[in-house]
Amino acid sequence: MDSGVSVVWRPADFKGSGGATIRVCVNGPCEERASGDPSDPIGMASVRLPQDIGGKKLPVELTVTPVKDGSVLTDTAQAQLTENRPNGPNCEPVAWVARFRADPVKGLVSAEGFSLRGDQP
């Protein structure tokens with residue numbers, strides 16, 4: 001598991017604009033992805049960070065550029081990195097992570113409760 005900040009979304013959320021290019025930047029470095037086929041359950045862009053970065057707070061920038069209809073959406077947030085030990089509390093590796101959801105209207109929102117079902121908020 002790598003340290004980093006990830007942004008997830010449902011590609012179906014962006015079908016009204018013909019899809020979108022989603023760009024995520026964290027403290028400088030960026031990753032860019034197409035929103036994907038609306039029938040795909042999930043899309044994701046992740047910006048990797050140094051493995052030993054620790055529990056820092058870092059700026060996150062989101063830019064959503066619609067393929068055909070709509071305005072470019074930009075948003076910023078602060079990512080509070082939290083420790084994640086995927087193999088258990090006393091095992092390596094240690095990764096420092098944060099996760100957001102890209103919403104086509106609201107921008108960066110909490111990924112807590114993110115569902116793959118299209119009828120969930």
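This is a predicted model: local features need pLDDT of at least 70, side-chain atom pairs count only at pLDDT 80 or more; totals for chains, interfaces and linings use all residues.

## The core

Let's start on the inside. The largest nonpolar core is made of 26 residues, and those with the most contacts inside it are Val5, Val24, Val26, Val60, Leu81 and Phe100. As general background, nonpolar side chains tend to be buried together in soluble globular proteins.

Setting aside neighbours within four places in sequence, Phe100 is in contact with Val5, Ser6, Val7, Val8, Val60, Ala77, Gln78, Ala79, Leu108, Val109 and Ala111.

## An open sheet

Now for the strands. Four of them form an open sheet in the order E3-E2-E5-E6, and the pairing is antiparallel. E3 (30-34) and E6 are the edge strands, each pairing on one side only. From one strand to the next, the twist averages 20°.

Zoom in on E2 and E3 and you'll find 5 bridges between them, in the antiparallel sense. One spot to look for is Ile22, whose bridge partner in E3 is Arg33.

## E1 meets E4

E1 and E4 run antiparallel too, joined by 6 bridges. Trp9 stands opposite Gly43 in E4. E4 itself has two faces: Gly43, Ala45 and Val47 are on the covered one, while Met44, Ser46 and Arg48 are on the uncovered one.

Ser6 sits in strand E1. Is Ser6 buried or exposed? Its relative accessibility is 12%, so Ser6 counts as buried, the cut-off being under 20%. Beyond its neighbours within four places in sequence, Ser6 is in contact with Met44, Ala45 and Ser46, and also with Ala98, Arg99 and Phe100.

## A buried proline in a loop

Where is Pro11? Look in the loop between E1 and E2.

What does Pro11 touch? Leaving out neighbours within four places in sequence, Pro11 is in contact with Ser35, Gly36, Asp37, Pro38, Asp40, Pro41, Ile42 and Gly43. Gly43 is also on the covered face of E4. As for Thr63, this residue is 52 residues from Pro11 along the chain, and the C-alpha atoms of the two are separated by 15 Å.

Notes. Residues are numbered from 1 along each chain as its sequence is written. Side-chain values use heavy atoms; hydrogens and water are left out. A nonpolar core is a set of buried Ala, Val, Leu, Ile, Met, Phe, Trp, Tyr and Cys residues joined through side-chain atoms within 4.5 Å. Buried means under 20% relative accessible area, exposed over 50%, partly exposed in between (1.4 Å probe, protein chains only). Contact means heavy atoms within 4.5 Å. Helices (H or I, at least four residues) and strands (E, at least two) are DSSP runs, numbered from the N terminus. Two strands pair if DSSP finds at least two bridges between them. Axes are lines fitted to C-alpha atoms, for helices over the stretch in contact, and angles run from 0 to 180 degrees between N-to-C directions.
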